[in-house]
Amino acid sequence: MPLPRAETASLIVIDDEPSRLGGLVALLAGQGFVVQSVASGALAFDAVREKKPDLVLLASRLSGVNSLELCRQLQADEKTRGPLVILYGAVGEAVEKVEGFKAGCADFITQPFAPEEVLTRIRTQLRLRDLAVNLEAVGHDRPEGLTPVTRHPRREIDEKAPADSPRDQLLETLRESEARYRGLFEDSPTPLWEEDLSQVKAYFSELNASGVTDFRSYFENHPEAVTHCAKLVRVLDLNHAALALLGASDKGALSAGLASIFTKESLEVFREVLIALAGGSQRFESEAVQRTLAGEEKRIVLQLGVVPGYEASLGKVLVSTLDVTEIKRAEQGRLYHLRFLENLERVDQAIRQAECLEQMMVDVLDTTLSIFNCDRAWLLYPCDPAAPSFRVSMERTREEYAGAYAMDVDIPVLPEVAEAFRTALKTNGPVPYDPGAGQAVPLGDRFSIQTHVLLAVQPKQGKHWGFGMHQCSYQRVWTAEELSLFHEIGRRVGDCLSILLLVKDLRESQERFDLAVKGSRDGLWDWPDTTRPAIWWSPRVYEMFGFAPGEIIPTKDLLVELVHPDDREKAQGALREHLQGGATPYDEEFRIRSRTGGYLWVWARGQSLRDAAGQSRRMSGSFQDITERKRAEEELKKHRDHLEELVAQRTAKLKSSNAKLEAANHELEAFTYTVSHDLRAPLTPIMGYAEYLKDKYSHQLDSQAVAMLSEISTQGEKMLSLMKDLLSLAQVGHLRAPDQPVASEDVCRAVLADLGEEFAGVANLVQIKGALPAVRVPRSLLTQVFANLTGNGLRYAGGGGGPIEIKGERQGSRVSFSVSDHGPGIPPEERLRVFEVFYRGLTESKIPGSGVGLAIVAKIARHFGGSARVEETPGGGCTFTVEFVDSVSENLPADPLG
């Protein structure tokens, strides 16, 4: 009878977990299988008996039904025997694979499984079943009396064929049977082996005869017996798929390298095969590690079955292997991912269940300690190579490995620590320090650290933190999976730190706010929704208005009602303007009626939070009691009014006095001018007569008379110089600033040329440093300034103390000139008096002068809004500085003529 193709075979899935049952049925039906679902173990036996499918997919755990017992019942009952049974269950369940195989199961699929694995295992079992049936059919097709494997077919035909049987017909039948068998064997996609274990069977008999009954104990205690049995196995044949699996080009290459394909695990699996065969089992399945000729290790599922008719001798055993390397890798990946998610769930659960943020961080570190089974888990701050020190802010440890947190000290950032911090900051993930990484463990000796992991964690505010683990008990090598998991936990730690630091800032901000509210005399208010009337007041507002907190419910309407009627419209108008988009904060002063009925002045300020359209949605601000200030202002107004009256009276008196003073100044200037002019008239002939007498009669006069005539001339010259200076002093106030600025440097050079007639070598004694700015000062007055200051420098300092330096600069509208000498200088107590008229100092009587020159300089400076001053020159000497106020820009063309 033809067998159904694997893709159209009928299957029954037995599972009482609805979601898993539905998923498997949908998967298998989508691949073309004819699938029936049974949602109860109690109905399973009847369903298999009624349908008798090609394969049964049976959950290892069913409610109220033992899956292994159900499998035995299906194999024992003639009406249900035949379908292949595959068990499936989760890792760690009590049902062991070996027990399933003993119960007659063909395979066992471990959860969690991928769809590809389920389909591969089902198709493999169906193909193995087809192969076994076809092999058996080949045997049935042979002439009666032939053994399943014929070593000398022609001789057996000659010996056992009936005399009347056509010999050619028997040979043809044998060839067809062998061809069918060989085609099925060689072309099978499943790696297949034919093995002769008859010598192994004979060895079992020898062991029985020697008294061995417990083959498991014997083979476990005598590994050399397992190796001996391996040598007794004869490989009769293997197909192309088996050669490909082992990486052999042909059977000869395989025979040459056969010893290299066995591993320690291979021998352990072979030992289990021996134990099963010795116990009478005809079938065996196990996972194993198979090494190829190239040395690559592959994960395989090995299935062994004794060919019918060879149960007693084990002369022919069919072995199939299924390469599940990729499936196992995927399974390991799924298991790792499952553990990864489970561990992250543990961390998330610690975060969710913590009652406070500080406890949350402690619980996360405890969970990390548990997940990785390390000796310390900690957080340090800051993870900054430029910081002088760091501190372990949180740490959870094994009892015997207390760390830096318990020491409660700042730890210096040594070079090795700084380098570790730099590496962590530039690495996107944890940095391991273990034998595999080849890096020295920072602070390893101080804190007994064998291996170490460091991850730089960046909260949303502040500097980086360091999150890490220590293994102190042994030199641990951190796996890639562990580092990946630690990295993901580090992300959660960063989020937790962000929340913790944010809440800490909020707490501190709230504490500052509460202290400010309590300590401030201002009352705070908040209008959370400007479309609604409700307002919040701080306790100080209630106190200010004379109410107990909660005595009244503050609203906008209540506040308007409390405002003094005379101030109400103004206060409301300002509020409306602010709410409708006013550019400035609300700022008004008005009177409020208190609980006692009296009024107090308040200063109301507020600011709005606006939406995209500029409309106010929330408004907050403060009230300040300014009653006392208003009273003070009223009193101040009264005093100010009285003061204004006094000021007006004083102003009138001052105007009168100023007028009189101005008249007196004019009279003084007129008098000075008159005196200087009128005195010159008689002085000139006196000096002339003295000179005439001296020239005409000096030979007739004695020396005393001549000296007296010379003294008359000298004193006359002094008197003329004094009158000239007094005249200049009187004329200063009559000259106005010219329209065009005067080229001060030209004026200065002209003055130096004139002084050259009086002082020899002026060109070497006086230096002009830099350009001198033009200024709107009459040329004649500017000439007097330079002449008086430079002349004084030459007279008093001379050339003995170094050159005299003239400088000038403009800063905006202020123009200054300075003349510095390096002479004996002026005592500090005399510097304030040198600009007084006729003051010549206590030590200057021998130097000619009228004592008016510096007074003229000072008056010129004052007349043009400036001042004159004298300071000590660095290193000794005097520096005279004259400053003018000139609002005309210095880049205007200067008038060379002044």
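Predicted model: local features only at pLDDT ≥ 70, side-chain atom pairs only at ≥ 80, totals over all residues.
Biologist: How are two packed helices described?

Modeller: Two packed helices are described by the angle between their axes and the distance between the axes. Helices are DSSP runs of H or I with at least four residues, and strands are runs of E with at least two, numbered from the N terminus. Axes are lines fitted to C-alpha atoms, for helices over the stretch in contact, with angles from 0 to 180 degrees between N-to-C directions. Here, the axes of helix α14 (residues 325-353) and helix α15 (residues 357-372) come within 8 Å and cross at roughly 160°. That makes α14 roughly antiparallel to α15 (the term applies to angles over 145 degrees).

Biologist: Which residues of α14 and α15 meet?

Modeller: Contact means heavy atoms within 4.5 Å. On the α14 side, Asn343, Arg346, Val347, Ala350 and Ile351 take part, and they meet Met360, Asp363, Val364, Thr367, Ser370 and Ile371 in α15. The residues of this contact divide into six nonpolar, three polar and two charged.

Biologist: At what angle do the axes of α8 and α10 cross?

Modeller: The axes of helix α8 (residues 198-209) and helix α10 (residues 223-232) cross at roughly 140° and come within 8 Å. In α8, Gln199, Val200 and Tyr203 meet Ala225, His228, Cys229 and Leu232 of α10. The contact of α8 with α10 comprises five nonpolar, two polar and no charged residues.

Biologist: With which strands does β17 pair?

Modeller: Two strands pair if DSSP finds at least two bridges between them. β17 pairs with strand β21 (residues 616-625) in the antiparallel sense over five bridges, and with strand β18 (residues 536-537) in the antiparallel sense over two bridges. Trp525 stands opposite Gly621 in β21 and opposite Trp537 in β18.

Biologist: Is strand β17 mostly covered or exposed?

Modeller: Buried means under 20% relative accessible area, exposed over 50%, and partly exposed in between, with a 1.4 Å probe and protein chains only. Strand β17 (residues 523-527) is mostly covered, with four of its five residues buried.

Biologist: Where is Arg491 found?

Modeller: Arg491 is found in helix α19 (residues 480-519). Arg491 has a relative accessible area of 45% and is therefore partly exposed. Arg491 and Gly429 are 62 residues apart in sequence, and their C-alpha atoms are 9.9 Å apart in space.

Note on methods. Residues numbered from 1 in each chain as written. Heavy atoms only, no water. Nonpolar A, V, L, I, M, F, W, Y, C, P; charged D, E, K, R; others polar. Parallel < 35°, antiparallel > 145°, perpendicular 65-115°, else oblique.
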